[in-house]
Amino acid sequence: MDPEVHPRPSGPTTPSGYPSRRRFLGAGAGALLTTGLAGSLTACGSGSGSGSGGSITAFTYGDDAAKVQQASVDRFNKSAAAKKAGGTVKLEKVPGTDYSAKLRTAMGSPNQPDVFFNWGGGSITAYRDSKQLVDLTDTIKGDPVLKDGFLPSVLAAGGLEGRDYGIPMRGMQPVILFYNKSVFAEHKLQPPKTWDQLLDINTKLKKAGITPFALGGADVWPELMWLEYLVDRIGGPDVFAKVKDGDAGGWGDPAVLKAAQIVKELIDDGTFGKGFSSVSYVNGGAPALFARGKAAMHLMGSWEYSTQLGQFPDFAKKNLGWARFPEFEGGTGDVRDVVGNPTNYWSINARTGNEDLAVGFLRDAASEAYAQSLIDNGDVPTTSNAEKLLASAPNPEYATFQYQLVQNAPAFTLSWDQALDPDLSTPLHTEINKLFVGQSSPSQFVSGLKGLK
């Protein structure tokens, strides 16, 4: 797993599913080197997944949000369920830098964690293939707390080939169409509900000398969002699901070519302006263009609200609007579908010596107390009980919009570069960048994707 591509924890202010996260976080993400941690990590596991007295170890990403997981551990260890299972949970907060590489080192050692934080999809494929994961599918079906405790689209998004290997444990981060309310009001525009409406808005904005969409093309991952949504709206979620499940031929679906053709049309038509390939999200360039009204819209992850609140607080509080990605007329995808980062997940190591204790611990992630802790930290939980708690969120209106967007989604497609094998992320970004900067045609783009193996 490439640590440069996959440092992806969830968090309310950062793009967890996209590869420039470390630069966005800066030095605060952690400074310990992998070589210096190898020894310490292999010493802090639970001894072949068993531990003494039935106790277990859980690895989590060691950022600010880890306090939610620590509270969960403290609460669970005092519970009747822990006593019944005959043990306790010890939380290991692994420094964020190169978390994936550090987890891999620990999972290959005699002292593996019993439970560990991950991103679902491609991040756990190798562990599934090496039979290091507990298949939770039947456990979830037979446990009302786990079966009914989470939004179905989020629970499903963390699995592989229809099997469940993870339990949601952090906040949701869907990709949202943000718009500048003051620009829209000035030009008497409404958020687009259909693709034709979006194109009409683009035309009116360009006539007024306003770039329709901000785009941080220098980072590449913001470009990916456009392809993810277009493929879904044109061909439905099954197009990428086929690729995710290992069939590279799925890239040959007509929806992929159509999406690439539309992207080229948008670029040629000036939708993103002339210099988007030199504009960066992580250094604040794209958010600034949007907040200052030089671009009217921004397709971005839900963290855009917190980004704007930090950089342009007046804009965030008064003029930041949000809407779902529009319907594509003639497409087979459901307009309610969502793409982005469903959440992060707890998975259980198949070598654990106390699976009952581990499952009991995972059940706490469905509790109201856990959901409230996430809300207090600025996240929107993925639990089915969360909506009634959102009145205490920093922005209840925005939190409720996010929650209902995901709650009503028939499918939540995990970001492509996160859902695929980690070794494919860099070449995937290369092909996307070539399309957006005009170095490949739509048909060449499809051929390049088919060659990703």
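The model is predicted, and local features need pLDDT of at least 70, side-chain atom pairs count only at pLDDT 80 or more, and totals for chains, interfaces and linings use all residues. Residues are numbered from 1 along each chain as its sequence is written, and side-chain values use heavy atoms, with hydrogens and water left out.

The chain has 24 helices and 11 strands. Helices (H or I, at least four residues) and strands (E, at least two) are DSSP runs numbered from the N terminus. Of the 453 residues in the chain, 58% are buried. Among contacts (heavy atoms within 4.5 Å) between residues at least 6 apart in sequence, 77% join residues at least 24 apart.

Strand β3 belongs to an open sheet of five strands with the order β2-β1-β3-β10-β4 and mixed pairing. Two strands are taken to pair if DSSP finds at least two bridges between them. The edge strands, each pairing on one side only, are β2 (89–94) and β4 (167–168). Strand β1 (residues 56–61) pairs with β3 in the parallel sense over two bridges, and F59 stands opposite F116 of β3. The pairing of β3 with strand β10 (residues 345–348) is antiparallel and runs over four bridges; here I348 of β10 is the bridge partner of V115.

Between β1 and β2 the pairing is parallel, over six bridges. Within it, T57 stands opposite K90 of β2, and L91 of β2 is the bridge partner of A58. Strand β1 is mostly covered, six of its six residues being buried. In a regular strand the side chains alternate between the two faces of the sheet. In β1, I56, A58 and T60 point one way, and T57, F59 and Y61 point the other way.

Aromatic rings were examined next. A pair of aromatic rings is described by the distance of the centres and the angle of the planes. Rings of Phe, Tyr and Trp (its six-membered ring) pair if their centres lie within 6.5 Å; planes under 30 degrees apart count as stacked, over 60 as edge-to-face and the rest as tilted. By this rule the count is 28 aromatic pairs. One of them joins F116 and Y127 in an edge-to-face arrangement, at 5.6 Å centre to centre and 70° between the planes. This pair links distant parts of the chain, F116 lying in strand β3 and Y127 in helix α7 (residues 122–129), 11 residues apart. F116 counts as buried because its relative accessibility is 0%, and Y127 counts as buried because its relative accessibility is 7%.

The rings of W322 and F401 have their centres 6.5 Å apart and their planes at 45°, so this pair is tilted. It also links distant parts of the chain: W322 is in strand β8 (residues 320–323) and F401 in helix α21 (residues 396–407), 79 residues apart. Both W322 and F401 are buried. One aromatic cluster is formed by W195, F213, W226, Y229, F272, F276, F325, F328 and F436.

Two packed helices are described by the angle between their axes and the distance between the axes. Axes are lines fitted to C-alpha atoms, for helices over the stretch in contact, and angles run from 0 to 180 degrees between N-to-C directions. Helix α23 (residues 425–436) and helix α24 (residues 442–450) pack at an angle of about 175°, with axes 10 Å apart. That angle makes α23 roughly antiparallel to α24; angles under 35 degrees count as roughly parallel, over 145 as roughly antiparallel, 65 to 115 as roughly perpendicular and the rest as oblique. L428, E431, I432 and L435 of α23 make the contact with P442, F445, G448 and L449 of α24. By class, the residues of this contact are six nonpolar, one polar and one charged, where Ala, Val, Leu, Ile, Met, Phe, Trp, Tyr, Cys and Pro count as nonpolar, Asp, Glu, Lys and Arg as charged, and the others, Gly among them, as polar.

K317 is located in helix α18 (residues 313–318). With a relative accessible area of 63%, K317 is exposed. The C-alpha atoms of K317 and N395 are separated by 9.2 Å, the two residues being 78 apart along the chain.

Methods. Buried < 20%, exposed > 50% of the residue type's maximum accessible area, 1.4 Å probe, protein only.
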